[in-house]
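User: I have a protein chain to go through with you. Could you start with how its interior is put together?
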Amino acid sequence: MSEIKEILLNKKVFGFKDTKRSLNRDIVEFLPKTSSVGELFDIYNALFYEISSLGKKSHTSIVKKSSKYAGIPLDPQLLEIEDLEEQIQILKDDIDSIEDEHPIIPNRSVIQNRANNELNYYIQSGRKRQIFDDRTLRLIKKQSGLHKDAPDSDFVIKLDSSAIGGIISGPPINTINDLNIDVLEINRYGQNIITNIDNTEPIERN
């Protein structure tokens, strides 16, 4: 029969106060490690050529995420193009703001259809503007220095329909205020209509 040996176990028991003094209660190992922005860029620069250009973890994904947050940076070339387009538009406005002249009929004249005296037109910037307001016709007569009771034949120029049709049309005059619109608006009248016609897709025929 084997001999039984006695093994003594020493156990040290700490009281509450001793435990509080002896143990470090800060669990440092489980705290997340923080990095500065500078460290982030140092890591990024170090791994720059190891990051793939495409994919989930790539330069493309970084750019997309950053652009979503900060916005897409403006392209200097696009800014230059926009600046040139703006300058071109200003030049167009300046050119279209120059008052034009009809080769025969002077501006601020009134022409009347020879076959129908109710069809009257005011010439502005070399264009005919049909008058739909009798008060406007009377005002034009007064501005020409004639008495309001003077016959229209004293200040209107009578033309045939074909001659009137050969004059470029301007915006109609519906009220007296329409006399004071800018030359730019008169010269550009009808351009939107022409543009829309040019941009219309051709109709397919069977």
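Analyst: This is a predicted model. The largest nonpolar core has nine residues: Val 110, Tyr 122, Ile 131, Leu 137, Ile 140, Phe 155, Val 156, Ile 173 and Leu 179.

User: Which other core is there?
Analyst: Apart from the nine-residue core lies another of seven residues, including Ile 105, Ile 123, Leu 159 and Ile 167.

User: What does Tyr 122 touch, leaving aside its neighbours within four places in sequence?
Analyst: Tyr 122 is in contact with Arg 108, Ser 109, Val 110, Arg 127, Lys 128, Arg 129, Ile 131, Ile 140, Ile 173 and Leu 179.

User: On to the strands. How do E1 and E2 run?
Analyst: Strand E1 (residues 110-113) and strand E2 (residues 116-124) run antiparallel and are joined by four bridges. They form a hairpin with two residues between them, and Asn 113 has Asn 116 in E2 as its bridge partner.

User: And which residue in E3 does Ile 123 stand opposite?
Analyst: Ile 123 stands opposite Lys 128. E2 and E3 (residues 127-130) are antiparallel, with four bridges between them. In their hairpin, which also has two residues between the strands, Ser 125 takes a positive phi near 50 degrees.

User: Zooming out, in what order do the elements come?
Analyst: From the N terminus, the order is α-α-α-α-β-β-β-α-β-α-α-α, giving eight helices and four strands.

User: How much of the chain counts as buried?
Analyst: Of its 206 residues, 20% are buried. The chain exposes about 17,800 Å², of which carbon and sulfur atoms supply 55%.

Key
Residues numbered from 1 in each chain as written. Predicted model: local features only at pLDDT ≥ 70, side-chain atom pairs only at ≥ 80, totals over all residues. Heavy atoms only, no water. Buried < 20%, exposed > 50% of the residue type's maximum accessible area, 1.4 Å probe, protein only. Areas by Shrake-Rupley, 256 points an atom, 1.4 Å probe, with all protein chains shown as cover. Core = buried A, V, L, I, M, F, W, Y, C linked by side-chain atoms within 4.5 Å. Contact = heavy atoms within 4.5 Å. Pairing = 2+ DSSP bridges.
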